[in-house]
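Student: I have a structure open on my screen and would like to learn how to read it. Could you take me through some features, one at a time?

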Amino acid sequence: MEIRVNQIEKRSWIEINLSQLRANYNNYKKSLRRDAEIMAVIKADAYGHGDVQVARMLSDLGVRIFAVSNIDEAVGLREAGINGEILILGYTSPFYAQTLCSYNLTQTLVSEIYAEQLVNTGYPVKCQFAIDTGMNRIGINSDDIIQCEHIIREYFRKLNINGIFTHLCVADSKDDSDKDFTLKQIHKFKSIADKVSDLNLQYIHCFNSAGGLYYLDNSDYYNVIGNIVRLGIILYGLKPDYSNILPKGIKSAFTWKSVISMVKSVKKGDYIGYGRSYKVEHDSVIATIATGYADGLNRLLSNKGFVMINGHKAPIVGKICMDQTLVDVTSIPNVTQGMHAILLGESGKLTYNSDDMAQDLNTIGYEIVCNITKRVQRFYINSYRDYL
Ligand SMILES: *Cc1c(COP(=O)(O)O)cnc(C)c1O
């Protein structure tokens, strides 16, 4: 049976403002050197924003390099018609070597052992070497530069290697020792890129969002470490670290809405929800919101977070349930069933985005947007084409 909806009206849904995403891309790009190129990081369904939609928009804006976390994401993009370079940043079993080739995907070489396994498949997989310059996550160790160079050259002969990259792990920090650490990472990467410059690798890159913002302009390194920024979080208008200040015009394009399914009066002394964790102190009005932790609303916000209704804060009372959440609307006038509540976004003069919620949960905005589940449908508003 077909379910017909002629407007955005679900129990819980997200509105993605495409023209704001486009502005984020343009404003970030403007903050970089003119010849900087952007590799759009659209892993994890474009940080919860919808990878196909985001990739289509960015392709139209001229982006021709994308990065994802795994082969399923990469194949999904190809099947949706996304062209250009697609780099898989994480591990793919060598069993998929043929698939990597047939979809023209670029696989990260996470180690020397892994490179050898890919060679043994007999498929000429397109690859980039990850170089570990201090994060100790993936990549070949760069402490011994000669050894590192040797490995790159060996597999340059055996595989179809078109790039090398490293990942910065504290580029978002203002702390002096973190800045030193980042510069050391960049130095190590530069030494290796220098050593293999005769290979003329097409893709040499070491900057994430924060790296591009704070380190790209260092002209000493510029020609050797590449002009590519792997742009993730800032594209979505969120901050690598809460203390960062984003370039002008960059903000979250993400609004999470839900509907009020019921409004009721409760008496002083009543309890709210599972575990009776909230006791009503005064006669109150309580609204039920049709969103719960199975939608990705973190249960740690129970008795702590809030939603926004008509520009007012409605505190979450009681434990967040799997599919529903209770909020106190006593001080908000005229709240009725069918009205919308904003969980993330703007309401009247209030703004509460994923970075703000992350602060309340002692985590990062990345995790907030990634953890909103598939059943929360994404809708796209303000076609970026209207503004081209
Ligand atoms: C996720 C990721 C990025 C993007 O980082 P942001 O902080 O979101 O810009 C870049 N490079 C690698 C290797 C990543 O895993």
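This is a predicted model: local features need pLDDT of at least 70, side-chain atom pairs count only at pLDDT 80 or more; totals for chains, interfaces and linings use all residues.

Student: At roughly what angle do the axes of helix 7 and helix 8 cross?

Tutor: The general idea is to compare the directions of the two axes. Here the axes of helix 7 (residues 145–158) and helix 8 (residues 176–195) come within 10 Å, and they cross at roughly 50°. The two helices are therefore oblique to each other, and the crossing in which helix 7 passes helix 8 is right-handed.

Student: Which residues in helix 7 and helix 8 meet?

Tutor: From helix 7 come Ile145, Ile146, Cys148, Glu149, Ile152 and Arg153, and they meet Ser191, Ile192 and Lys195 in helix 8.

Student: Now for the salt bridges: how many does a search of the whole structure find?

Tutor: A search of the whole structure finds 15 of them. One of these joins the side chains of Lys257 and Glu15, with 3.2 Å from N to O. Lys257 belongs to strand 11 (residues 254–266) and Glu15 to strand 1 (residues 12–17), so the pair ties together parts that are 242 residues apart in sequence.

Student: Are Lys257 and Glu15 buried or exposed?

Tutor: Both Lys257 and Glu15 are buried. For another case, take Asp45 and Lys374, whose side chains meet in a salt bridge at 3.4 Å, N to O. Asp45 sits in helix 2 (residues 43–48), while Lys374 is in the loop between helix 12 (365–370) and strand 20 (377–381), so this pair ties together parts that are 329 residues apart in sequence. Asp45 is partly exposed, with a relative accessible area of 21%, whereas Lys374 is exposed, at 69%.

Student: Which residue forms a salt bridge with Glu85, and where do the two partners lie?

Tutor: The partner of Glu85 is Lys126, and their closest N and O atoms are 3.1 Å apart. Glu85 lies in strand 4 (residues 85–88) and Lys126 in strand 6 (residues 126–132), so the pair ties together parts that are 41 residues apart in sequence. Both Glu85 and Lys126 are buried.

Student: Which residues do salt bridges that share partners join into one network?

Tutor: Salt bridges with shared partners join Arg11, Asp295, Asp323 and Arg375 into one network.

Definitions and conventions
Residues are numbered from 1 along each chain as its sequence is written. Side-chain values use heavy atoms; hydrogens and water are left out. Axes are lines fitted to C-alpha atoms, for helices over the stretch in contact, and angles run from 0 to 180 degrees between N-to-C directions. Helices (H or I, at least four residues) and strands (E, at least two) are DSSP runs, numbered from the N terminus. Angles under 35 degrees count as roughly parallel, over 145 as roughly antiparallel, 65 to 115 as roughly perpendicular and the rest as oblique. A crossing is left-handed if the near helix is turned anticlockwise from the far one by less than a right angle, and right-handed if clockwise. Contact means heavy atoms within 4.5 Å. A salt bridge is a side-chain nitrogen of Lys or Arg within 4 Å of a carboxyl oxygen of Asp or Glu. Buried means under 20% relative accessible area, exposed over 50%, partly exposed in between (1.4 Å probe, protein chains only).
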